[in-house]
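User: Hi! Could you walk me through some side-chain contacts in this one? I'll ask as we go.
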Amino acid sequence: MVLPRDAQPLSLALFLPNWVGDTVMATPAIRAIRRHYPRPHRLIGIIRPKMQELLAGTEWFDDLWPWEPKWRGGSPNQWHLIVQMRRRPIDILVLFTNSLRTALLALLGGARQRVGFARDGRSWLLTTKLFPEKAGGKVVPRPMVTTYLSLAEAVGCPPESPHLELHLTPEERHLARLIFTKLKLQLTKRTVALVYAGAQGPARRWPAEYYVQLARYILAETHWQILVVAGPDDRQVAELIRDRINHARAQTMTELPHLGLSAAKACLAASDVVVTPDSGPRYIAAAFNKPLITLFGPTDPIWGSNPTINSADLFVDLPCRGCLQPVCPLNHHRCMKELTPQLVFDTFCKVIENYEASQSAFTPTRLFAEQA
């Protein structure tokens with residue numbers, strides 16, 4: 001049984017997800033917990049260091065404890081977290097992760113209540129257990145935002161909207177303007193962000209040549225400008241895409257010295273429409289209410305399903321759909337290759353028709369209008 005929230009000020013900690021998209025999908029649950037346990041209850045986020053940029057601008061946490069599960073120092077990093085938890089005792093620890101290791105850390109750290117899903121052999125480590133629905137011995141896919149909200153409900157929170165939420169700091173708003181200015185992109189022109197990303201393997205990537213073809217369609221048939229969004233690991237390919245497009249209205253953020261999550265947030269928030277695979281930037285853009293065109297390859301759309309996201313979801317209905325493999329096990333990559341540039345461009349035209357009908361024509365992107 002979870003401790004009553006009004007008995008005394010409690011110390012709560014959340015073991016946050018490891019991936020960008022999952023962290024964004026956890027924001028409704030974080031918001032629900034903060035609302036149900038307002039200050040003076042203390043809320044701590046245990047978070048991968050790079051994710052701190054992602055949550056900058058939000059005001060849910062009283063403290064963030066960085067923890068890197070794949071840090072080369074491994075054991076010292078874990079012992080440091082255990083010591084930190086024992087020095088500042090935790091009443092309730094909610095595990096957004098499903099790993100055995102984080103549940104063991106919660107126990108060794110002395111958390112009185114340990115709330116999470118009973119899977120991966122860790123049931124005995126939890127005091128409040130949630131059980132995922134299974135069929136044929138496998139977990140039944142359901143929206144991650146719903147899964148995370150069930151954790152919030154397990155600690156007494158009432159139902160919460162699944163609307164994803166991120167914020168920009170004043171520095172990030174300024175960064176957005178600097179990026180567009182440096183890249184010679186017009187602040188008053190509609191911008192489509194083309195996301196090239198695949199942090200969990202090449203199977204999630206749309207072919208680079210398809211980005212070039214799509215960009216050429218957009219430049220020839222519309223007045224929109226293009227920003228290719230990519231991370232540091234994708235710098236070389238993103239620059240190749242830009243060079244192949246070879247047009248003043250098409251630029252890439254890889255020219256920037258810093259390609260962290262702050263820059264990605266700034267670029268996505270400053271764009272009007274986002275074309276993206278099912279990767280972290282999709283959920284960042286969704287949190288800023290951007291219309292999306294999502295290219296689903298090896299992932300099942302149900303995991304990222306959310307009624308508050310405005311997304312045209314494209315996928316090929318193959319027998320192997322939803323394999324979740326980082327590299328195509330059948331070596332054909334049809335799930336992405338059959339999402340042709342023409343198909344995506346036709347979808348883009350429908351999306352921008354609806355978008356422009358709901359916006360004032362030729363006004364600045366909302367972010368820049370707010371800064372004016």
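User: First up, is E160 buried or exposed?
Analyst: E160 is buried, with a relative accessible area of 15%. Buried here means under 20% relative accessible area, exposed over 50%, and partly exposed in between, using a 1.4 Å probe and protein chains only. Keep in mind that this is a predicted model, where local features need pLDDT of at least 70, side-chain atom pairs count only at pLDDT 80 or more, and totals for chains, interfaces and linings use all residues. Residues are numbered from 1 along each chain as its sequence is written, and side-chain values use heavy atoms, with hydrogens and water left out.

User: Thanks! Which side chain meets E160 in a salt bridge?
Analyst: That would be R35, at 2.9 Å from N to O. A salt bridge is a side-chain nitrogen of Lys or Arg within 4 Å of a carboxyl oxygen of Asp or Glu. The pair links distant parts of the chain, 125 residues apart: R35 sits in helix α2 (residues 27–36), and E160 in the loop between α6 (144–154) and α7 (170–182). Helices (H or I, at least four residues) and strands (E, at least two) are DSSP runs, numbered from the N terminus.

User: And R35, buried or exposed?
Analyst: R35 is exposed, with a relative accessible area of 56%.

User: Which residues are linked in a network of salt bridges?
Analyst: R31, R35, E160 and E165 are linked that way.

User: How many salt bridges does a search of the whole structure find?
Analyst: The search finds 17. One of them joins K265 and E172, at 3.1 Å from N to O. K265 is in helix α10 (residues 261–270) and E172 in helix α7, 93 residues apart. Both K265 and E172 are buried.

User: Switching to rings: how many aromatic pairs are there?
Analyst: The structure holds 9. Rings of Phe, Tyr and Trp (its six-membered ring) pair if their centres lie within 6.5 Å; planes under 30 degrees apart count as stacked, over 60 as edge-to-face and the rest as tilted. Y196 and Y211 are an edge-to-face pair, 5.5 Å centre to centre with 65° between the planes.

User: What are the relative accessible areas of Y196 and Y211?
Analyst: Y196 is buried at 8%, and Y211 is buried at 1%.

User: Why is the W224 and Y355 pair edge-to-face?
Analyst: Because their planes are at 65°, with the ring centres 6.0 Å apart. W224 lies in the loop between α8 and β10 (225–229) and Y355 in helix α13 (residues 341–357), so the pair ties together parts 131 residues apart in sequence.

User: Nice. Which residues form one aromatic cluster?
Analyst: Y217, W224, F345, F348 and Y355 do.
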